[in-house]
Amino acid sequence: MKKIKKIIFISVVLIFILCSCFRIDREETSVKKIDLPQKNEQQKVKSDYKPYANTYINGIDYRLSRSNPGKYGGQIVVSAIGEGPKTFNPWESKDTTSSMVADLMYDSLFTSDPDTGEVIPLLAKEMIVSKDLKTFTVKLRHGVKWTDGKEITADDVIFTWNEIILPGFGNTSLRDSLLIEGEYPTIEKKDKYTVEFKIKKPFAPFQRLIGIQVAPEHIFKSVVQKGKRYFNSFMNTTVNPKTIVSSGAFILEEYVPAQRVVLKRNPNYYAIDDNKNLLPYIDKYVILIVGDLNNEMLKFEAGELDFISVGGKDLSRFKAKEKKSDFKLYNLGSVTSTMFLAFNLNTRKNKHGKYYVNPIKQKWFNDLNFRTAIDYAIDRTAMVNNVANGAAKPLFTAESLSSIYLNENLASGHEQNIEYSKELLSQSGFYIDKEGILHDKDNNPVEFDLYTNAGQTERETCGVMVKEDLRQLGIKVNFKPIEFNSLVSKITTTSDWDMVIMVLTGSPIEPHGGKNVWYSKGHLHLFNMRFAGDKNDTVLPWEKELDEIMEQGALELDYNKRKAIYDKYQQIVYDKRPFIYLYSPLSITAVRNRIKNLHPTPLGGVLHNLDELYIDE
């Protein structure tokens, strides 16, 4: 998941003082880089940005804007599908909206260059990597403060790692990704602004994983002492915004449940432009909570939103309006996320001795012929043409089409083939009766539920199309779009589901981010989730192979060798089909013309430099 780069404002009076008293000297930021080749020009966009740089003014290490100076005022309004954030605690966040808000409120040590994907400093000023690639020395910016005025120091970084991340407070996805041959990294304070990370052996993703959001020790210390249950509820959506102590470009000002999140400038931020003006320029950043894509579209057309992702079905209409309207369309190529149909392969009993999945359905879903038959029955071309209006490509791989690790040998996939699907089902004893209903070899009619999250019209349409495709095999599909949090609960808490259409975000430059999906005990191992107290737990042979591949890929530093390793994991997923991938839309965004300093890139999107954007009516 990519972080939105962060932002700052102090006050007009202080801006005037800075402009009058100080001269800006640029100094290059520093991060030693591990081999990161570019797959194609789509990932490497020419930019008119200046180089990343810092400047030291009156005891503070400021981050310099890469854009031309803008002007102050106004607000930017975006949207989020669903019911809104579930928490404002970034270390507990498990949903997109909560993470979106947390990224604005809390800065990380590092982020990714939106042009190249390289690791660049944020809260940190510099990272020095030892020659053996096992020691990472991180130097923090001097003088950067929390919103309550206390300075951010090495103690906060040490606390975040040793008291929150490694003990497993909140969302454990990051911790799960940090285990290197059975050991976690160690971290040591060297001085007030310097910490040193050490790992057992060279670990390719570590530079990215190290760039986590930092927690204020003086606030969270007492929280972790009260235990994980208290931590999980801390800073929930009923919190008084005035009590939140954060570090990012924006401060939470208001949350109206199911309606909007309003954030305002952080007066203690650490970014300035070449005229010594403190960033960001905009007064407020507003996230409107919209129930579904149709409501989102209506709000954009009514002028209530400044940004909107444009699906293929609406692209022609937007293109026709673009020249005479107040917005511009940006096409950033294939999305970095993947949309898929997943099977529930869980054959275990829970701690109460009850099967998670009906044993009859267990046999179907764990039959490779059955899964392959489903795969070949799906008409991806029809989805591309009818759902995405041609603004997409069929998807067959676990890595997105924009990934530099894409297994090109699998990318073209296969066409729909109903007859081949019937042949595969026949090989496993399935048969179609006179009424056209599919039965298994024990004469059970094949019927199951298919879920997706309600309000996502493209996924809902795909669900209807899957239902109709499988009808040709005699399968009855009960398609059930439900509220997103209910869906997440089914998958990650109760395992009470048969099949589901979902989307996972991903990084086109680092496959290790998917370890929590592919690792057999991973937090998002959706197709075969394991829970505390499970009985008769077994790891499938190909699950074990994926475990080994995830370990190997992370320890290999040479790109070409890593590529071969990750090609293999994609081949296993393609062959075993726990997920059946559907299609990859183009990332197209409509942006109001009044928004200036835009520098859209395939890796960063349109909001990566939110701190530099300004309004020009």
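Begin by selecting Ile-76, Ile-164, Phe-197, Phe-220, Tyr-285, Ile-287 and Phe-307, which touch the most other members of the 91-residue largest nonpolar core. Such a core is a set of buried Ala, Val, Leu, Ile, Met, Phe, Trp, Tyr and Cys residues joined through side-chain atoms within 4.5 Å, where buried means under 20% relative accessible area (1.4 Å probe, protein chains only). The model is predicted, so local features need pLDDT of at least 70 and side-chain atom pairs pLDDT 80 or more, whereas totals for chains, interfaces and linings use all residues. Residues are numbered from 1 along each chain as its sequence is written, and side-chain values use heavy atoms, leaving out hydrogens and water.

Next, colour helix H3 (residues 154-165), the source of the largest share of this core, seven residues. Helices (H or I, at least four residues) and strands (E, at least two) are DSSP runs, numbered from the N terminus.

Centre on Phe-220: its contacts (heavy atoms within 4.5 Å) include Trp-91, Phe-159, Ile-164 and Met-235, not counting residues up to four places away in sequence.

A second, separate core of 75 residues can then be selected through Phe-365, Ile-475, Ile-501 and Tyr-583, which are among its members.

Turn now to the five-stranded open sheet, ordered E23-E22-E24-E18-E25 with mixed pairing; two strands pair if DSSP finds at least two bridges between them. Strands E23 (476-482) and E25 (579-581) form the edges, each pairing on one side only.

Within the sheet, show E18 (residues 338-343) and E24 (residues 499-504), which run antiparallel and are joined by six bridges. Met-339 stands opposite Val-503 of E24.

Key: Buried < 20%, exposed > 50% of the residue type's maximum accessible area, 1.4 Å probe, protein only.
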